[in-house]
Amino acid sequence: MSYTVVSIIDLLFFTSFVENSMNVNIIIGSIIIVIAVLMYLTNLLENDTILYFKNSMFFWISLGVLLFNIGFVPVFVVAEFIEYKGAYRYISFALNILMNLIFIIGFIVSKKEYNFQNIKKII
């Protein structure tokens, strides 16, 4: 909800959607994702499910997204100020590769039964 409000305010008052990409929204969205993933990982640490974290696909996806966003936000901010497009491309490509490798590890290591049980608990 907060991201939607910030996006609408930015679009209406500060940024022209046609002329500029919405950089502030990208940064705020990444920060919200990092906060949400950290809340999930904190909840994971407080429960007994921490004993079986490697079996959970949710853990691997959240780890990949967290590492991508933690690396992406500072690079994105710095790239806007000093305008180095070549290094930005390589760093963002490397972060994408890292995130997808973590996803692949999660698909290989996680157990289907464990993920299905967690979905039942959530619903």
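Why does Trp-60 count as buried? Trp-60 counts as buried because its relative accessibility is 13%, where buried means under 20% relative accessible area, exposed over 50% and partly exposed in between, with a 1.4 Å probe and protein chains only. This is a predicted model, in which local features need pLDDT of at least 70, side-chain atom pairs count only at pLDDT 80 or more, and totals for chains, interfaces and linings use all residues. Residues are numbered from 1 along each chain as its sequence is written, and side-chain values use heavy atoms, with hydrogens and water left out.

**Fold and confidence**

- The protein has five helices and zero strands, where helices (H or I, at least four residues) and strands (E, at least two) are DSSP runs numbered from the N terminus.
- Along the sequence the pattern reads α-α-α-α-α.
- The average pLDDT, which is the predictor's confidence in each residue from 0 to 100, is 79 for the protein, and 76% of the residues score at least 70.
- Among the elements, H4 has the highest mean pLDDT at 88, while H5 has the lowest at 57.

**Surface and contacts overall**

- Of the 123 residues in the protein, 32% are buried.
- Contact means heavy atoms within 4.5 Å; among contacts between residues at least 6 apart in sequence, 66% join residues at least 24 apart.

**Nonpolar cores**

- A nonpolar core is a set of buried Ala, Val, Leu, Ile, Met, Phe, Trp, Tyr and Cys residues joined through side-chain atoms within 4.5 Å.
- The largest such core has nine residues: Phe-68, Phe-72, Val-75, Phe-76, Ala-79, Tyr-88, Leu-95, Met-99 and Phe-103.
- Helix H3 (57-82) and H4 are the elements that give two or more residues to this core, and H3 provides the largest share, five residues.
- A second, separate core of eight residues includes Val-34, Leu-41, Leu-66 and Ile-102.
- In soluble globular proteins, nonpolar side chains tend to be buried together.
- Within the largest core, which includes Tyr-88, the contacts of Tyr-88 are with Phe-72, Val-75, Phe-76 and Ala-79, leaving aside neighbours within four places in sequence.
- Met-99, another member of the largest core, is found in helix H4 and is buried, with a relative accessible area of 14%.
- Not counting residues up to four places away in sequence, Met-99 touches Gly-64, Val-65 and Phe-68.

**Aromatic pairs**

- Rings of Phe, Tyr and Trp (its six-membered ring) pair if their centres lie within 6.5 Å; planes under 30 degrees apart count as stacked, over 60 as edge-to-face and the rest as tilted.
- By this rule there are three aromatic pairs.
- One of them joins Phe-59 and Trp-60, which are edge-to-face at 5.4 Å centre to centre, with 75 degrees between the planes.
- Phe-59 counts as buried because its relative accessibility is 12%.
- Phe-68, Phe-72 and Phe-76 form one aromatic cluster.

- Val-73 lies in helix H3 and is buried, with a relative accessible area of 15%.
- Leaving aside neighbours within four places in sequence, Val-73 is in contact with Ile-27 and Ser-30.
- Val-73 and Ile-27 are 46 residues apart in sequence and 6.2 Å apart in space, C-alpha to C-alpha.
- Val-77 also lies in helix H3, but counts as partly exposed because its relative accessibility is 27%.
- Val-77 and Val-24 are 53 residues apart along the chain, and their C-alpha atoms are separated by 9.5 Å.

**The loop between H4 and H5**

- Ser-110 is placed in the loop between helix H4 (85-109) and helix H5 (112-122).
- With 16% relative accessibility, Ser-110 counts as buried.
- The side chain of Ser-110 reaches the backbone oxygen of Gly-106 at 2.8 Å.

Methods. A polar contact is a pair of N or O atoms within 3.5 Å; within protein, one must be able to donate a hydrogen and the other to accept it, and residues adjacent in sequence count only if both atoms are side-chain atoms.
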